[in-house]
Amino acid sequence: MNEIELNFVSLFQQSRGGTIYRKIITDSSSFKEKESFRTRLPAHKGAVQWDLFDISFEEREGYEAYVFDYTENPILAVHMIYRELLLVLGSNTSDVNYYTPEKAIRLKEVCFIVERFDEGNAEVIVRPYYLKSKKLFGFLLEHKFSLKDEQPFNKKTQIRSYSLDKSGRPNVFFYKDKKQILDRFLKETLYPLLSKSDLDFNTKFTTLSAEKLDVKTYIVGGGKTATSQFMGIKSNGPYRRLDANPRYLFVFSEQTRTLARDIYTGLTGKLFPGQFSGLDEMFSLPIYKDIVEHHLVTKFNEQSILDIENQVCKLKSSYPQDKIMLVAVLPRGFKGVDSAFDAYGHIKLMALKNNTYCQVVTEDTFFEKNKLKWSISNIGLQIFSKLGGAPWLVKPAKSSCLIFGIGSVQEMEHGNIKKYTAYTVCLDSSGDFKYIKPLSTSDNEESYLESLKNNLSQVMSSEESGRYSSLVLHLPYKISRKEIDVIKDVVSELKKETCEVIVVRMNTKHKFLGFSAHNTCVPYESSYIQLSRSEFLVWPEGLQYGKEVLNKRISEPLYIDFIESKENWETKKECLQDILNLTGANWRGFNSKALPISILYSRLIAKFMKEFSHLENVSDMSIVSADSVAPWFL
């Protein structure tokens with residue numbers, strides 16, 4: 001059994017406590033008194049009944065003394081450790097640079113500046129934490145690079161954060177570099193500060209047993225299985241071919257004429273045969289001159305979008321039985337430039353309105369022919385998938401299981417929320433895309449939540465009576481507490497003996513990291529560790545057994561939290577396996593596997609919704625469903 005070192009160090013003194021002062025609260029909606037902490041504690045020592053109290057750490061009128069033991073309430077204990085950490089730091093006379101964020105009390109973190117640069121500061125964040133799976137109190141440590149105000153995110157800042165190596169390439173030793181920084185900080189900074197206090201700690205990271213999920217298995221043509229999507233399709237063809245003939249419209253400017261020609265010849269398999277044998281040979285998707293039209297654009301602006309729309313409509317009218325694929329090749333200067341005309345957004349929106357398949361390629365990304373060489377297979381993959389083909393599926397752990405990826409977007413104006421929007425991406429546990437459905441849109445939070453509840457209940461109820469025995473909701477971590485409460489209400493009303501309903505929240509941006517004993521410090525792919533009864537870290541990427549050589553930067557682990565946590569262990573493990581599997585079901589690229597598509601697709605849609613909302617006369621977000629051309633967002 002392998003072990004993974006968590007970025008957590010434990011305190012030597014675990015059995016701790018002290019006198020606090022508390023006042024019982026009978027109305028939970030009442031305001032908390034200033035500088036107090038609200039939580040639940042036993043009504044008296046050994047009592048079964050727990051009551052809500054406001055806690056003070058100094059004597060206060062109306063408060064009673066209570067001898068508190070850390071094991072009674074780990075949440076309160078973590079708060080007390082944080083207070084003690086601030087007291088120790090406040091009495092320290094050595095030259096240590098640190099600060100507490102504005103929301104420090106809620107976040108419970110102290111940021112230590114370990115190195116200053118022109119672009120910003122390298123920092124180590126220290127957070128008191130209770131590791132439930134080990135029943136240990138201690139500190140989580142996280143390294144980050146904090147940008148200065150107005151400092152753009154660029155190659156140099158990515159080097160500072162260790163995402164890129166010193167030469168500007170993806171940093172394959174990301175894990176090793178992070179561990180060395182944290183080890184050095186522990187020994188040279190944090191230990192000297194706390195070693196003579198009650199917060200003295202073990203300078204070695206805490207190890208957790210690492211279990212292994214099954215390796216992802218892909219289902220390709222003829223129901224054959226493979227461990228590589230690309231090789232599986234190359235040998236057996238795609239899982240599901242197109243049900244109609246394609247016809248292509250290439251749109252480009254004089255500046256991008258050569259790039260458009262390269263994309264076309266690349267898709268035929270003639271330009272880079274060693275990298276991509278072509279749409280026809282790979283996916284049985286024909287592409288040849290007789291079914292390819294082109295349209296030259298003088299300048300990408302509103303008028304040119306109308307002209308492109310007219311060309312699309314003419315093709316649809318002339319070839320009503322064919323599937324029209326618009327391939328737009330944009331010149332440099334449109335992508336990510338605030339002052340530029342949003343040609344990308346307008347073309348995508350126009351295509352959606354006309355139920356037309358669309359692939360946009362930008363010169364910014366492929367200004368060098370060599371970059372197109374290594375991406376042409378992914379462009380072909382996206383075109384095939386958008387047209388309705390299924391290149392591959394994944395072998396599921398939970399059969400007859402339907403998954404809803406829930407997404408939400410908040411449109412801001414002058415720091416306030418202008419509009420709330422929610423939607424769901426539906427797919428099954430094999431990664432087969434089903435549909436997108438808007439759930440709620442409103443400028444009023446109360447009506448938004450009410451509509452979210454009603455529509456989500458309606459969508460799930462319609463599926464519950466079908467052929468699925470499990471309905472699983474995948475939530476992004478940024479979803480609000482009020483939205484989660486609404487979703488939990490829907491789930492509790494829907495749960496029946498014949499159909500289980502499970503809610504899982506996940507995130508790639510979190511405070512955890514883990515290190516293996518390998519000299520790269522990278523854990524093995526498909527490894528997972530358990531943080532608590534409901535929380536897990538899963539590595540969708542990592543070392544390969546028998547092939548421990550890194551040729552790419554390995555992403556950070558996926559944080560997974562079962563919201564209700566009433567599921568048995570076998571059900572949880574099946575859910576973890578399906579989440580891992582869905583990281584390999586991404587039809588945007590052959591090697592994309594850091595995020596499950598239930599969450600990734602929701603993020604992509606959110607990005608487009610924000611972009612569309614800024615375009616003229618776009619207020620009805622029901623357009624994102626566009627069932628006839630989904631998955632349009634790839």
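1. Of the chain's 634 residues, 55% count as buried, where buried denotes under 20% relative accessible area, exposed over 50% and partly exposed in between, with a 1.4 Å probe and protein chains only. The model is a predicted one, in which local features need pLDDT of at least 70 and side-chain atom pairs count only at pLDDT 80 or more, while totals for chains, interfaces and linings use all residues. Residues are numbered from 1 along each chain as its sequence is written, and side-chain values use heavy atoms, with hydrogens and water left out.

2. The chain holds 15 helices and 27 strands; these are DSSP runs numbered from the N terminus, helices being H or I of at least four residues and strands E of at least two. Its radius of gyration is 27 Å, close to the 26 Å that the globule rule gives for 634 residues, so the chain is as compact as a globular protein of that length. The radius is taken over C-alpha atoms, and the rule is 2.2 Å times the number of residues to the power 0.38. Along the principal axes, the C-alpha atoms fill a box of roughly 85 × 55 × 50 Å.

3. Among contacts in the chain with a separation of 6 or more, 67% link residues 24 or more positions apart; a contact means heavy atoms within 4.5 Å.

4. Helix 9 (residues 343-353) is mostly covered, with nine of its eleven residues buried. Among them are His-346, Lys-348 and Met-350. The cover over the buried residues includes helix 8 (302-318), strand 16 (323-330), strand 17 (357-362), helix 11 (376-386) and helix 15 (597-613). Just after helix 9, Asn-355 adopts a positive phi of about 50°.

5. Strand 1 (residues 2-6) runs antiparallel to strand 11 (residues 207-212), and four bridges join them; pairing requires that DSSP find at least two bridges between two strands. Asn-2 stands opposite Ala-210 of strand 11. Strand 11 also pairs with strand 25 (residues 527-530), in the antiparallel sense and over two bridges. There, Ser-527 of strand 25 is the bridge partner of Lys-212.

6. A separate point concerns an open sheet of three strands in the order 13-12-18, with antiparallel pairing. Strand 13 (225-226) and strand 18 (393-394) are its edge strands, each pairing on one side only. Strand 12 (residues 218-219) is joined to strand 18 by two bridges, and Ile-219 stands opposite Leu-393 in strand 18.
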